[in-house]
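Morning, everyone. Please look at the model on the screen while I talk.

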Amino acid sequence: MKSSLSTKHLLGIRYISKNDINLIFQTAKSFKNILQRPVKQVPSLKSLTIANLFFENSTRTRISFELAEKRLGASTVNFSASSSSTKKGETLLDTVNNILSMKVDMIVIRHSSPGVPQFLSENISANIINAGDGTHEHPTQALLDAFSMQEALNSKLEGKNIAIIGDITHSRVAMSNIMCLKKLGANIKLCGPPTLLPKNIEKMGVEVNFNVEETLEWCDVANVLRIQLERQGGQKGEKTSYFPSLKEYAETFGINKKMLDKLGNKIVLMHPGPINRGVELTSDAADSEHSIILNQVENGVAIRMAVLYLLAGNEAFSETKI
Amino acid sequence: MKEILDQKHLTITLKRLCKQLIENHNDFNNTVILGLQPRGIYFADNIVSYLTQMLPNINIQYGTLDATFYRDDLMQRKTPIIAKETNLNFSLENKNIVLIDDVLYTGRTIRAALDAITDYGRPAKVELMVLINRRFKRQLPISPDYVGKQVDSITSQKVKVIWGENDLENKVLLIDK
């Protein structure tokens, strides 16, 4: 296996190879061991400064990236759009160039507009890691999901049946997940209301099923996605244009523990968070023994450490720095 | 290409190093043998197996350490090194550690290993055992406590330690690149 990534940036799963994914997993495994130690830090990136630019709200991803950076010994600066000069009308490129002129080596960026990480990678020299861009991609989430699946099933994902259930249209997690799992050779079935499934999605090589119970019976792993209330065009979620009501969604596509218990096989239940409890998952399902939701969060730090470490160790990185 | 140690001499050397260890560590009560990944573990495996033969009634604490993430050359290398397993089922606090690697050259790997060790506890003492000590081109003030063989070599040469499927194939080569 080649021991360096084929890319200088992590813009999306679509741009990386199967070898890249496996290399990230292998490295993440080593970092996971480091995270079990009393001293959870190594000095690999102590000469680097990393800026976390979050133009969109985030709890998990931002803390996870920040912890990953600190546990690699890097210095970090955090930026959130709500308290910055973007409010005064500064352009994105100006904001980022200003931050870079303070000698920042890598940028982790989340933005509500798809393509922002790609745009930055074309215009600035620092390495970019996409932490979620609109409905486009969320590569580190897809990596940690697939890594957690492998760990839970204790096997490679080739030939495994993975269901992705919920709001596929608005989910960057779904897009990145589908591409990552396809590259690893898994079978994928999508399930959700027709209004929340993109047209012609079958062309990505996935199956579609509108019955959640059938889908659960078929799969080894169910990755349940959040109903993205902020992208439904409704107020506080109660009035949405994609499905009649949250109650109806919960009754048709929501998953509860009873449904999990009566399945022939024991399946693995996942959710990228934050959970709308009582909508896509009931509390008893989310907290059941099927669920590996908190393992996903734990693995997130190790995966992000691996991505940062491998990008910094890439030949292209040293060329731009030295 | 030159053979520095053949199978016969390598066995004599391994036994001599074990006796030196026994001389200094008696019953290995507070001693930990630590093989350094990736190549030091084969040498350490051999040392531990001879020690066990010589001291059948003594339980020797043996672990492996990977210091990849403590290296200082991540951004100078062409490709990152893939870390191997660190296997330590015991604390290093107040232990006498015998750190084992196959070839000592610039000393940078050992520097990284010493940093890694301190993140697992504060040992009472750390000693270094190497099979081959390449005396020249040391870049840090690091010297071994137990040496299999000194080798005076130039930068363009490479020392290769080969551990075969069985002991008969073990040997150390000096290769001109």
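Predicted model: local features only at pLDDT ≥ 70, side-chain atom pairs only at ≥ 80, totals over all residues.

Residues are numbered from 1 along each chain as its sequence is written, chains are lettered from A and ligands numbered from 1 in the order in which they are written, and side-chain values use heavy atoms, with hydrogens and water left out.

Rings first. Over all chains there are 8 aromatic pairs. Rings of Phe, Tyr and Trp (its six-membered ring) pair if their centres lie within 6.5 Å; planes under 30 degrees apart are stacked, over 60 edge-to-face, the rest tilted. Take Phe243(A) and Tyr249(A): their ring centres are 5.2 Å apart and their planes at 40 degrees, so this pair is tilted. Both Phe243(A) and Tyr249(A) are buried (under 20% relative accessible area, 1.4 Å probe, protein chains only). One aromatic cluster is formed by Phe31(A), Tyr309(A) and Phe69(B).

Now charges. Which ring does the charged end of Arg37(A) sit over? That of Tyr120(B), 4.6 Å from the ring centre. "Over" means that NZ of Lys or CZ of Arg is within 6 Å of the ring centre and within 35 degrees of the ring normal. The charged end of Arg304(A) sits over the ring of Phe65(A), 4.9 Å from its centre.

Last, the sheet. In chain B, 3 strands form an open sheet, ordered S1-S8-S7, with antiparallel pairing. Strands (E, at least two residues) are DSSP runs, numbered from the N terminus; two of them pair if DSSP finds at least two bridges between them. S7(B) and S8(B) pair over 6 bridges.

Terms used
Buried < 20%, exposed > 50% of the residue type's maximum accessible area, 1.4 Å probe, protein only. Helix = DSSP H or I, 4+ residues; strand = E, 2+ residues; numbered from the N terminus.
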